[in-house]
Amino acid sequence: MASTQTRQTTRTDVDAFLRGIARGFAGALLFSIPMLMTMEMWFLGFYMSRERLLLLLILNMPLLLVLSHRIGFEHTATWTQSARDAIVAYGMGIIASAAILVLLGVVTIDMPPDQWIGMVAVQAVPASIGAMLGRSQLSMSDDDDEDGDNEDEREEKPGTSYATELFMMAVGALFLSLNLAPTEEMILLAYKMTPWHALALAVISILLMHGFVYALAFRGSHSLQQDEPRWHAFIRFTLPGYVVALAVSLYALWTFERLDGMAAIEALLVVIVLAFPAAVGAAAARLIL
Amino acid sequence: MSSNPNNIEQLRPHWIEWLTGLVSLAAICAVIGWLAVDIWTTDDRQPELVARVVSAEKVATGFQVVFELRNRATLAAAGVEVRAQLSQQARLVEEAEVTFDYVAAGSTARGAVIFENDPARLALSIRAVGFTEP
């Protein structure tokens with residue numbers, strides 16, 4: 001009797017885990033296909049500086065770990081479990097990227113290892129974030145009944161703090177940045193724009209961020225308390241959020257060697273151009289994650 | 001405590017949140033100020049491209065001359081065509097061409113031309129011969 005029960009529990013766990021894996025792959029595909037089918041991303045794989053690629057791959061680990069702890073597979077409780085899930089997501093990102101690149105004929109057998117490893121590695125970062133997000137975002141339907149409990153748990157966890165909020169914004173910003181930073185359009189747009197355009201874009205980005213989270217009644221919207229002035233949240237969340245978007249944009253552009261040899265003012269224009277989608281990504285992350 | 005414990009805005013803010021907010025405000029003002037200063041102090045000048053030889057070395061297929069192209073103006077140039085010539089006493093010996101996708105304002109871009117003849121023994125000139133506006 002007891003053994004049957006144990007087996008059933010184990011069976012359910014395995015099923016849930018496999019379902020999690022399938023969702024992870026779905027998420028990896030959903031989030032990384034735009035990048036897998038972008039020409040610049042393939043080229044980056046073999047020409048980008050190996051030091052910067054290594055840094056990106058290493059930074060992705062703590063990012064996945066915290067993300068996993070916050071939302072990941074099977075609502076992990078301990079850091080050990082989070083680490084396991086982060087590694088699984090990273091692995092799925094690598095496998096999914098490699099499989100798609102082979103399927104599309106971008107990676108071929110006669111290619112030197114240095115080239116295809118670089119290509120897969122650079123794609124694996126967004127794919128692994130996708131795997132992690134996919135798991136949490138695609139699994140809403142059957143986790144609905146748990147939501148009430150989760151919110152109570154979240155409240156007790158010290159993790160859902162101000163820092164987490166900023167972290168989530170960084171993840172959202174990074175996600176859209178990784179999509180757009182490698183493309184030539186970011187640079188071209190900056191060249192076409194005058195500083196006036198950039199100034200307007202920066203202001204619009206900040207207003208959009210604020211509007212996304214507070215003004216529009218999306219699911220997960222953050223409402224303000226009646227007695228609190230509007231500008232409080234603007235100073236505490238929206239402005240730091242935009243700085244996060246700027247910083248993430250700068251990092252993504254630097255990683256993909258888009259700013260090398262560029263004058264500071266020109267680089268600033270490119271960063272502001274990329275910070276526009278990054279800001280929208282950051283605001284969306286606050287609502288979704 | 002509020003009815004929705006998931007809503008971070010309704011918790012009492014820690015002083016560090018205000019500090020972050022103010023530092024962010026300062027950072028954004030700095031960025032916007034920088035742009036504003038740039039708007040007031042610089043006027044639009046058409047691209048002005050100057051090449052400078054960085055290195056010249058013998059490679060398997062000839063002599064490779066690496067050069068740096070600097071755009072000293074305030075507007076970016078696209079499709080920059082650069083022509084390099086080797087000449088001896090005003091007689092053209094060899095010519096090579098290369099095109100840069102972009103050279104941003106006030107920025108540099110690197111490229112190389114490959115000659116059959118040794119540029120050290122001949123007169124070398126590298127210059128941009130045309131560009132488009134992005």
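The legends below describe close-up views of a predicted model. Residues are numbered from 1 along each chain as its sequence is written, while chains are lettered from A and ligands numbered from 1 in the order in which they are written. Local features need pLDDT of at least 70 and side-chain atom pairs count only at pLDDT 80 or more, whereas totals for chains, interfaces and linings use all residues, and side-chain values use heavy atoms, with hydrogens and water left out.

**View 1. The two domains of chain B.** Chain B is split into domain 1 (9-42) and domain 2 (49-130), with bounds that come from an automatic or database domain assignment. Taken over C-alpha atoms, the centres of domain 1 of chain B and domain 2 of chain B lie 43 Å apart.

**View 2. The sheet S1-S2-S5 of chain B.** Three strands, in the order S1-S2-S5 (chain B), make up an open sheet with antiparallel pairing; strands (E, at least two residues) and helices (H or I, at least four) are DSSP runs numbered from the N terminus, and two strands pair if DSSP finds at least two bridges between them. Strand S1 (49-59) and strand S5 (108-115) of chain B are the edge strands, each pairing on one side only. On average, neighbouring strands of this sheet are turned by 20 degrees against each other, direction ignored, where the axes are lines fitted to C-alpha atoms and angles run from 0 to 180 degrees between N-to-C directions. Ten bridges connect S1(B) with strand S2 (residues 62-71) of chain B in the antiparallel sense, and Lys58(B) stands opposite Phe63(B) in S2(B).

**View 3. The sheet S4-S3-S6 of chain B.** This open sheet has three strands in the order S4-S3-S6 (chain B), paired antiparallel. Strand S4 (91-103) and strand S6 (123-132) of chain B each have a single partner strand, so one side of each is left without a neighbour in the sheet. Strand S3 (residues 77-88) of chain B and S6(B) run antiparallel and are joined by eight bridges, with Gly130(B) in S6(B) as the bridge partner of Glu81(B).

View 4. Glu51(A) is located in helix H3 (residues 50-70) of chain A. Its relative accessible area is 61%, so Glu51(A) is exposed, given that exposed means over 50%, buried under 20% and partly exposed in between (1.4 Å probe, protein chains only). The C-alpha atoms of Glu51(A) and Ala28(A) are separated by 25 Å, with the two residues 23 residues apart along the chain.
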